Amino acid sequence: MNTTYFAEIILPLSLDGTFTYHLYEEDLQQIKVGQRVAVPFGTQKLYTGVVHSIHQNKPELYKTKAIHAFLDNEPLVTQTQIKFWEWMSNYYMCSLGDVFRNAFPSALKLESQTFVRLINAEFSAIDELNDYEFLVFEALKLRQIISVEEAALIVDEKSAIPTLKLLIDKGIICLDEKLSEKYTPKIDNYVKIHPDLKGNDQAFIAILDQLNKAPKQRETLLQLITLETQLQGKPLKVADFVKQGATNAVLKSLAEKGAVEIYQFQTSRVEGKEEETSEISQLTLKQNEALTQIKTQFVDKSTVLLHGVTSSGKTEIYLKLMEQVIAKGNKVLYLLPEISVTTQIVHRIKKHFGDKVGVYHSKFNQNERVELWQKTLNGDFDIIIGPRTALYLPFDNLGMIIVDEEHESSYKQMDVKPFFHARDMAMLLGGLMNAKVLLGSATPSAESYYNAINQKYGYVELNERFGNIKLPEIKIVDLKKAQKEKEITDDISHILRDEIVEQLKDKKQVILFQNRRGYAPIMECNTCGHTPECPNCDVSLTYHKFSNQLKCHYCGYVQAKPIRCPSCGSHELNTKGIGTEQIEHQVQAIFPEAKVRRMDVDAMRGKFAYEKLIEDFENHEIDILIGTQMITKGFDFGNVNFVGVIRADSLLNFPDFRAHEKAFQLLTQVSGRAGRRQEQGKVLIQSFQAEHQILQNVTTYSYAPTMKDILYERKEFLYPPFTRLINLRFKHKNKERLDKTAEQLVTLLKASFESRCLLGPEAPSIGRINNLYIADVMIKIRPNQSPQKVKDLIRQKIEQLHTISAFRSVRIDIDVDPV
Ligand SMILES: Nc1ncnc2c1ncn2[C@@H]1O[C@H](COP(=O)(O)OP(=O)(O)OP(=O)(O)O)[C@@H](O)[C@H]1O
Ligand SMILES: [Zn+2]
């Protein structure tokens, strides 16, 4: 081997660092940093990787392999992205491969275990296929689906991925996705005079004669003629005609006689709303002031916090800013906590910027993801809207990142590595790309607020609602008192009930908030007190009445609701606690005429479930909407003047140092959905702790005093922003081994920390999930310590721990800045 050039390749593996491959003369002609390559790894496996760098340092310790193929001519990943990934892997203490796996669309990442499916069996231009493509195509015609591994047996190992890639490019095959879901358009029935009768007087008179014996049908037909004239060619919905006196039965008979035609027409739900683009609203005086301040502060600050009360028009300010950034030739990334929020906001943004807006949807399938990646790379969009993973797109020329609802904890990724926080990573990416970062919220997080008042960030306040409407009047309903005085039915106090009656009378829509889903969190036997628990997790099962099942919200375990207590056989099983499903039942029982709907993860499963619900709410097909925190995020509806909170208590009692901050934010945000257009709104919060300081502060909109208390406590007890946290989460199926391992690591770390800064091991509130026991060790990093050094130390101690094989089987997940 006399090659002198080597490439470092990023592979989607949970192993540290990059991997070295040697380059041949001809490779040097085409290789570029950021390009996709197919490489062998391990004994048989083939992987898609990305070129990280090219160098001449021959590895001494092992023999390198060659790159099998270059998959594209041009890089799919920018150099900035590679820097970004490396930074993330270092900061969040995971491998570069973990970041790559999470960041790069899996459809672009063919691996041995990936499956492909034939989509164009009719493909006939066989001449255009090379020998290998032809072989794979023939195999797929027989079998429909094969894996990359199987393709490697048909052609050869080297050529499998490149061959499949060519077939994908030709549209002959695609990645197999079992979960692909279709959007079913909304179909409506329409009615018109039968085309055969149009302009055919004779036929028409014949029909009318025939209808002499059916006066109702005759009348309806004549009415339709009048209506059609009035509508001047616009289609008439059957439903609308029925409202004006026609009946479905009569229309059916008319259709059978050939007098009218009933036809179907697809009513577009989501796209149909995109009108022509229009000008951005004129900002109010206050909004304009805020905009000017933001721009001034950006002169010497890279991050500005916009703290504007609910419905103050923060979105309008973002629109103006975007316009200005785009005018300078730069791009904007607009982050939202969950894509659910976007439905309304996307419409607002598209209305102004049209198809220059790219939307990244968390429910996108793999092929849609690839398309967005490529279009971003081509610079097709001026604005990208998306949730936290939109940070991974291959941007160029980013001028601004807006982090809307920056206080939202769903900005933190918790299910897969890297466990990153999008707000923090937005600032990092902003730094790498020289883009400004605007954080926006009506209830900023304690961390951002602290940074703002300490002038690390710019800080702009906007204290009045658009149209100078007063913030809603918030009152607390004392549930203890209501129960004592029997002023309550089930969980709905009579004050709350009466207010809903008034609202419905005024044709207003009502939003009710309850932060638990399901019917009841706990089922309990009245005789022996037994509570059914999940066999895999240390939690009680949640009762879902609709499906008559008990479900575990942590591992998905499901069982039918038992008829008798599994412990004592008694029939007296009772439920404790309340979920959205139960509130839905109670509300429907009190208001049988009202159209009641529920919005929680159970009710929002489909790809477009959220869009449909928003549309139904806008069309007033819902009178009362009951939801979990899903309804708190950015909802902007004009016809809601009243919001009710069913029970604030579980928010207040959560065992977490952020509980009070979250309770204040959530209650303020929910309240903010009321009274956004014409008049001051009203809010009722039911609670057994009516005197609780947080509730009192919510009613008086005392954000700053609340934060003062919270920050005082954080400082006292060494929590962020006064320390940085790293949580080490141990998981193992054997509790004893788990505890021993965690204790051993604590012993190794002890010498380096004061005892107040090294907590645990301790079981979290749910000590076992999916048959794995859990133990947490929390490390607090004080401002005088270097976080990097602490991280190095942790790595080193884990390595030391792993020299003993018994400890190696215990998984350790490192969570930097846990929320
Ligand atoms: N300058 C303006 N001209 C016209 N309409 C405005 C203006 N400012 C705000 N609005 C309208 O007022 C409503 C509330 O504004 P917006 O949704 O931007 O508030 P927000 O501060 O983002 O609220 P939240 O934090 O509660 O989501 C919207 O319907 C918006 O269209
Ligand atoms: Zn479970």
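1. Let's start at a cysteine: C525 sits in strand β24, which covers residues 522-525. (Helices, H or I with at least four residues, and strands, E with at least two, are DSSP runs numbered from the N terminus.) C525 counts as buried because it has 21 C-beta neighbours inside 10 Å. For that label, a residue is buried if 20 or more other C-beta atoms lie within 10 Å of its own, exposed if 12 or fewer, and partly exposed in between, with C-beta atoms placed from the backbone.

2. Before going further, a word on what you are looking at. This is a predicted model, in which local features need pLDDT of at least 70 and side-chain atom pairs count only at pLDDT 80 or more, while totals for chains, interfaces and linings use all residues. Residues are numbered from 1 along each chain as its sequence is written, and chains are lettered from A and ligands numbered from 1 in the order in which they are written.

3. How confident is the predictor, then? The pLDDT, which is the predictor's confidence in each residue from 0 to 100, averages 88 over the protein chain, and 95% of the residues score at least 70. (Two residues are in contact if their C-beta atoms, placed from the backbone, lie within 7 Å.) For the complex, the predictor gives an ipTM of 0.96 and a pTM of 0.80.

4. UniProt, in an unreviewed entry, places the feature "binding site" at C525, C528, C565 and C568. These four are spread over 44 residues of sequence, yet they cluster in space, with a largest C-alpha distance of 8.6 Å. Please keep in mind that UniProt positions are given in the numbering used here, that feature names are shortened, and that annotations may be inferred rather than shown by experiment.

5. What does C525 touch, not counting residues up to four places away in sequence? The list is H530, C565, S567, C568, S570, E572 and L573. C565 lies in the loop between β27 (558-560) and β28 (573-576). C565 is buried, because 21 other C-beta atoms lie within 10 Å. Leaving aside neighbours within four places in sequence, C565 is in contact with C525, T527, C528, H530, S570 and L573.

6. The unreviewed UniProt entry places the feature "binding site" at C534, C537, C552 and C555. They are spread over 22 residues of sequence but cluster in space, the largest C-alpha distance being 8.7 Å.

7. Is C552 buried or exposed? C552 is in the loop between β26 (549-551) and β27, and it counts as buried because it has 20 C-beta neighbours inside 10 Å. Beyond four places in sequence, C552 is in contact with C534, N536, C537, V539, L541 and Y557. C555 also lies in the loop between β26 and β27. With 17 other C-beta atoms within 10 Å, C555 is partly exposed. Setting aside neighbours within four places in sequence, the contacts of C555 are C534, N536, C537, I769 and N770.

8. Now the ligand. Around ligand 1 there are 19 residues, the closest being S281, T310, G313, K314 and T315. A residue is near a molecule or strand if its C-beta atom, placed from the backbone, lies within 6 Å of it. Helix α12, residues 314-327, gives the most to this shell, with three residues. The shell divides into three nonpolar, 12 polar and four charged residues. (Ala, Val, Leu, Ile, Met, Phe, Trp, Tyr, Cys and Pro count as nonpolar, Asp, Glu, Lys and Arg as charged, and the others, Gly among them, as polar.)

9. Some backbone details are worth a look on screen. A cis peptide bond joins P720 and P721, with omega about 5°, and P721 is in the loop between α24 (703-716) and β33 (724-732). The peptide bond from G760 to P761 is also cis, with omega near 0°, and P761 is found in strand β34, residues 758-762.

10. Finally, two asparagines. N397 has a phi near 65°, a positive value in a residue other than glycine, and is in the loop between β16 (383-386) and β17 (398-404). N397 is partly exposed, with 13 C-beta neighbours inside 10 Å. N468 has a positive phi near 55° and is found in the loop between β19 (458-462) and β20 (473-478). N468 is exposed, because 8 other C-beta atoms lie within 10 Å.
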